[in-house]
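Visitor: I would like to understand how the words used for a structure follow from its numbers. Could you take me through some of them?

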Amino acid sequence: MNTPIELSDTSCGFIALVGAPNAGKSTLLNSLVGTKVSIVTHKAQTTRSQVRGVLTLDKAQLVFIDTPGIFQPKKRLERAMVENAWGGAGDADLVAFLIDADRGITPDIESLLEGLENITHPKVLIINKIDTVKNESLLALSQTLNERLRFEATFMLSALKGFGVQDFIDWCVKHIPPGPWHFPEDHLTDLTMAITAAEITREKLFLRVHDEIPYNATVETESFKIQKDGSYKIDQVVYVTRDSHKKIVLGAGGQTIKAIGQEARKELMEMYEVPIHLFLFVKVREKWAEDPERYREMGLEFPHGKG
């Protein structure tokens, strides 16, 4: 018979993963949790709002927050994403700063370091993609960054291959505050099934047409119904800003959107282990990036002022 865990025995901490676009935060989140909770593409700024991945180990619950990549924003959507990322860092118990070992200290990193100076929570440094550079470069990068900012610990890892990830988990378990868990033991993410389904489709969209349409195309789940036979019927809309983009997403004879739907349906069936009936529609909404409702759907605050 299992002995119930007393609240006083448990610990729970929120760890924000921050970094420049394509530093590997989403890949690391999925590696930490042990399953896919955040979409991953080679396109910068894929993550738009905070995604929480939950890892429960014995008496500790780690809530990792994948934040949008931080860069110098120019458009309204970009400002919303960057504000969301800094908000995630400010609300966390620990902040993990990810840097791409191969790219090193870029202008975006310089800006990030300045912003991190204002974060009072404990910070750790994660040098990611260590399999792409020589050890001497890693040590020099680590020394430079630790001279610039006070980090409680430095981890060198490969989120993609899993090297060094467990060391980071072990450190977090020892440094999160005591307290009750925020999520059930079997919970892996705070995303609803409808939002997760939209994110999966958005990933497939970006992977297939990333060169032809801007990253601010979006996908929304309009309807998510559980049928009497246990299958899921999902209606989604792909919003683009121009007719020319709609034609690209549809493809000749509708072949591109069909392929996107097939790839998304396959992954959703593997994820939920039930038959999936996925219906995709493509609509032009020229100024969707100026619509506060679209921001709420993405979990972002609508930034006022000029976009």
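Predicted model: local features only at pLDDT ≥ 70, side-chain atom pairs only at ≥ 80, totals over all residues.

Visitor: Why is α1 called roughly perpendicular to α5?

Guide: Helices are DSSP runs of H or I with at least four residues, and strands are runs of E with at least two, numbered from the N terminus. The axes of α1 (residues 25–33) and α5 (residues 165–175) come within 10 Å and cross at roughly 70°. Axes are lines fitted to C-alpha atoms, for helices over the stretch in contact, and angles run from 0 to 180 degrees between N-to-C directions. Angles under 35 degrees count as roughly parallel, over 145 as roughly antiparallel, 65 to 115 as roughly perpendicular and the rest as oblique, so α1 is roughly perpendicular to α5.

Visitor: What makes the contact between α1 and α5?

Guide: With contact meaning heavy atoms within 4.5 Å, Leu 28, Ser 31 and Leu 32 of α1 meet Val 165, Phe 168 and Ile 169 of α5. These residues divide into five nonpolar, one polar and no charged, where Ala, Val, Leu, Ile, Met, Phe, Trp, Tyr, Cys and Pro count as nonpolar, Asp, Glu, Lys and Arg as charged, and the others, Gly among them, as polar.

Visitor: What makes α1 mostly covered?

Guide: Eight of the nine residues of α1 are buried, a word that means under 20% relative accessible area, with exposed meaning over 50% and partly exposed in between (1.4 Å probe, protein chains only). The elements that cover the buried residues of α1 include β1 (11–19), β2 (51–57) and α5.

Visitor: How do you know that Ser 223 is buried?

Guide: Ser 223, found in strand β7 (residues 218–226), has a relative accessible area of 15%, so Ser 223 is buried. Leaving aside neighbours within four places in sequence, Ser 223 is in contact with Lys 233, Ile 234 and Asp 235.

Visitor: How many disulfides are counted?

Guide: A disulfide is a pair of cysteine sulfur atoms within 2.5 Å, and by this rule the count comes to zero. Cys 12, at 7% relative accessibility, counts as buried, and Cys 172, at 0%, is buried too.

Visitor: Why is the pair of Phe 155 and Phe 168 called edge-to-face?

Guide: Rings of Phe, Tyr and Trp (its six-membered ring) pair if their centres lie within 6.5 Å, and planes under 30 degrees apart count as stacked, over 60 as edge-to-face and the rest as tilted. By this rule there are seven aromatic pairs. The rings of Phe 155 and Phe 168 have centres 5.4 Å apart and planes at 65°, so the pair is edge-to-face. Phe 155 lies in strand β6 (residues 154–156) and Phe 168 in helix α5, so the pair ties together parts that are 13 residues apart in sequence.

Visitor: Why does Phe 224 count as partly exposed?

Guide: The relative accessibility of Phe 224 is 22%, so Phe 224 counts as partly exposed, whereas Tyr 272, at 18%, counts as buried.

Definitions and conventions
Residues numbered from 1 in each chain as written. Heavy atoms only, no water.
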